[in-house]
Amino acid sequence: MDPAPEEAGTPDRLPRHVAIIMDGNGRWARARGLPRYAGHREGLRAVRRIVEHSVERGIGVLTLFAFSSENWARPPMEVRMLMKLFMSALRAEVRRLNENRVRLRIIGERSAFAPRLQRQIAEAERLTAGNDALLLQIAANYGGRWDITQAARALAEAVQAGTLAPQAIDEAALAARLSFADQPDPDLFIRTGGERRISNFVLWQAAYAELYFCDSLWPDFDATAYDLALADFARRQRRFGRTGEQLETGEARP
Ligand code: IPE
Ligand code: IPE
Ligand code: MG
């Protein structure tokens, strides 16, 4: 039986970092005979709810997949609408984020965005930089493969500059050059919308994330559905390659 939602957030079983693929906006709209854009707008309301609930639950880092490297392939009208929504949301939400002491960071290849949007991103990050209740990372024009590739390029540049020996390249050296190297890897990876795939979201960093798939479309995802995911996470035994017996006897702690 599922534990009551209030049990979901017992501190020792709480993920430090939750990463979410917010999927299902289009289907939510289509089910109502609305344009896809209406689903994205409703999805923004879900973002507000989930950010606020993350603060309430004491989550440290929340990473939301908002626009993938591959989403440029959508109809131009939808891409334009998504960019407009992104810009207006940045403008409108910063004050609320500040009130909730949320720090904002955008991860992804931002040079593809219009200069005005890039300036707005930098400004929002600067304004919220001192906040400590939650780090909200929005993945925009983000792809897990892009992230690993840009880290590999940074390693190559360091080798070329003579500051890094090829023999010194290990997992830690690559990990240190990924987008959010200063944060713990995601512990809990949620995808809404019913599909069971990763769609090029955090690849390297999700190596040991607990995966949770739920059928709710993103605009319907609420605090109760989120608590169910947290409760499910709290019941998992994370072994990191060890045996269950090792963990139960306390012989080895990950
Ligand atoms: C996720 O919802 C939002 C983005 C990818 C921007 P979708 O737009 O993918 O919604 P579905 O999957 O078509 O329902
Ligand atoms: C993943 O959703 C990207 C985001 C939620 C931003 P998609 O809807 O683009 O993924 P696929 O195409 O179904 O794999
Ligand atoms: Mg989708």
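Start by selecting R27 together with ligand 1: a backbone N or O atom of R27 is 2.7 Å from an oxygen atom of the ligand. Keep in mind throughout that this is a predicted model.

A polar backbone atom of N25 lies 3.1 Å from an oxygen atom of ligand 1. For G24, a backbone N or O atom is 3.4 Å from a ligand oxygen atom.

Now show the surface. Ligand 1 on its own has 380 Å² of accessible area, and the protein covers 87% of this. The space that ligand 1 takes is the largest pocket.

Which elements give two or more residues to the shell around ligand 1? Select α1 (25-30) and α2 (36-57) to see them. The most comes from α1, which gives three residues.

To display the whole shell, select M22, D23, G24, N25, G26, R27, R36, H40, A66, N71, R74 and L82, which surround ligand 1. Coloured by type, the shell has three nonpolar, five polar and four charged residues.

Leave the ligand and turn to the aromatic rings. The whole structure holds eleven aromatic pairs. One of them to select is F86 with F113: the ring centres are 6.0 Å apart and the planes stand at 70°, so this pair is edge-to-face. F86 belongs to helix α3 (residues 76-99), while F113 sits in the loop between β3 (102-107) and α4 (115-128), so the pair ties together parts 27 residues apart in sequence.

Terms used. Residues numbered from 1 in each chain as written. Chains lettered and ligands numbered in written order. Predicted model: local features only at pLDDT ≥ 70, side-chain atom pairs only at ≥ 80, totals over all residues. Heavy atoms only, no water. Near = heavy atom within 4 Å. Polar contact = N/O pair within 3.5 Å; in protein donor to acceptor, adjacent residues only side chain to side chain. Areas by Shrake-Rupley, 256 points an atom, 1.4 Å probe, with all protein chains shown as cover. 1 Å grid on protein atoms, 1.4 Å probe; cavity = no way out; pocket = protein on both sides within 12 Å on 5 of 7 lines; lining within 4 Å. Sits in = over half its atoms within 2 Å of the grid points. Helix = DSSP H or I, 4+ residues; strand = E, 2+ residues; numbered from the N terminus. Nonpolar A, V, L, I, M, F, W, Y, C, P; charged D, E, K, R; others polar. Phe/Tyr/Trp six-rings, centres within 6.5 Å; stacked < 30°, edge-to-face > 60°.
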